[in-house]
Amino acid sequence: MNIKNNINNFSQNLPPGFKLIAVSKTKPVEEILEAYQAGQRRFGENKVQELVPKYEALPKDIEWHMIGHLQSNKVKYIAPFVKLIHSVDSVRLLEEINKQAAKVNRIIPCLLQIHISEEETKYGFSEDEALELLQSQDFRKLQNIIIVGLMGMATLTDNVELIKREFKGLKLLFEKIKSSPVSSQVEMHELSMGMSNDYQIALEEGSTMIRIGTAIFGERNTSLK
Ligand SMILES: *Cc1c(COP(=O)(O)O)cnc(C)c1O
């Protein structure tokens with residue numbers, strides 16, 4: 001794996017305005033630095049216990065994105081510095097993010113994770129649950145978070161049509177929320193969809209952020225996953 005070349009290829013081929021999140025989970029600090037030296041500044045991690053030491057060890061102009069399932073009791077460790085939480089999958093978690101953000105005097109940008117795949121095990125809100133949350137009175141009390149978009153993971157499959165349909169559905173929900181009058185804590189401008197195996201489809205379907213691990217850093221050692 002030539003991490004530098006991979007980063008350069010992505011930055012040269014992505015249309016302007018698209019954000020590349022380099023997913024560095026399980027990868028050592030040295031490899032993240034290689035990507036950093038190629039100009040990459042946005043990195044994604046899925047575990048708090050991995051994210052915090054990496055944040056501490058690496059240059060402070062890195063934007064850290066939390067992309068994995070987040071347990072409420074761990075929010076406090078990342079609240080001071082996290083750039084964007086992609087994986088808000090419950091009201092309870094959003095309330096805890098709000099509470100911890102208030103403690104450090106921040107407004108933390110979040111994406112609602114929407115369950116779009118056929119797989120049962122993946123986390124996320126249904127469309128109806130997301131709409132209900134955004135329209136609720138309780139949501140208006142959460143003044144230390146801002147919802148800046150949606151995140152979704154398509155089914156892991158070779159069926160391009162299925163992936164396309166799932167991404168289209170997410171984009172449709174994104175547009176629906178964007179065009180409906182909700183509270184001031186909602187500013188829809190990011191659609192986080194697309195991973196190494198399906199980012200091309202995601203870009204065609206209107207993604208603004210792709211989360212790429214394997215295609216930058218190579219295969220992960222799954223025993224560490
Ligand atoms: C691991 C992970 C990715 C990156 O996956 P690759 O297939 O390696 O590109 C993207 N999003 C989430 C939520 C992940 O956990």
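**Ground rules.** I am working on a predicted model, where local features need pLDDT of at least 70, side-chain atom pairs count only at pLDDT 80 or more, and totals for chains, interfaces and linings use all residues. Residues are numbered from 1 along each chain as its sequence is written, and side-chain values use heavy atoms, with hydrogens and water left out.

**Ligand.** Next I looked up polar contacts (N or O pairs within 3.5 Å). The side chain of Lys25 places an N or O atom 2.6 Å from a ligand oxygen. The side chain of Arg211 has an N or O atom 2.9 Å from a ligand nitrogen. Gly213 uses a backbone N or O atom, 2.8 Å from a ligand oxygen.

**Second largest pocket.** I read its volume as about 180 Å³. A pocket here is an open set of points on a 1 Å grid over the protein atoms alone, where a 1.4 Å probe fits, with protein on both sides within 12 Å along at least five of seven lines; lining residues have an atom within 4 Å of a point. Of its 14 lining residues, Ser11, Phe18, Leu20, Gln40 and Arg42 are the closest to the centre. Helix α1 (3-13) and strand β1 (19-23) each give two or more residues. The most come from α1, with three. I sorted the lining into seven nonpolar, four polar and three charged.

**Rings.** I found three aromatic pairs (ring centres within 6.5 Å; planes under 30 degrees apart are stacked, over 60 edge-to-face, the rest tilted). Phe10 and Tyr199 have ring centres 5.2 Å apart and planes at 55 degrees, so I logged the pair as tilted. Phe10 is in α1 and Tyr199 in α9 (residues 199-204), so the pair ties together parts 189 residues apart in sequence.

**Backbone.** Most residues other than glycine have a negative phi. I noted Thr26 with phi near 70 degrees, in the loop between β1 and α2 (29-37). Asn105 has phi near 60 degrees, in the loop between α5 (91-103) and β5 (108-114).

Conventions: Grid points are joined across faces, edges and corners, and a volume is the space filled by probe spheres set on the points. Helices (H or I, at least four residues) and strands (E, at least two) are DSSP runs, numbered from the N terminus. Ala, Val, Leu, Ile, Met, Phe, Trp, Tyr, Cys and Pro count as nonpolar, Asp, Glu, Lys and Arg as charged, and the others, Gly among them, as polar. A polar contact is a pair of N or O atoms within 3.5 Å; within protein, one must be able to donate a hydrogen and the other to accept it, and residues adjacent in sequence count only if both atoms are side-chain atoms. Rings of Phe, Tyr and Trp (its six-membered ring) pair if their centres lie within 6.5 Å; planes under 30 degrees apart count as stacked, over 60 as edge-to-face and the rest as tilted.
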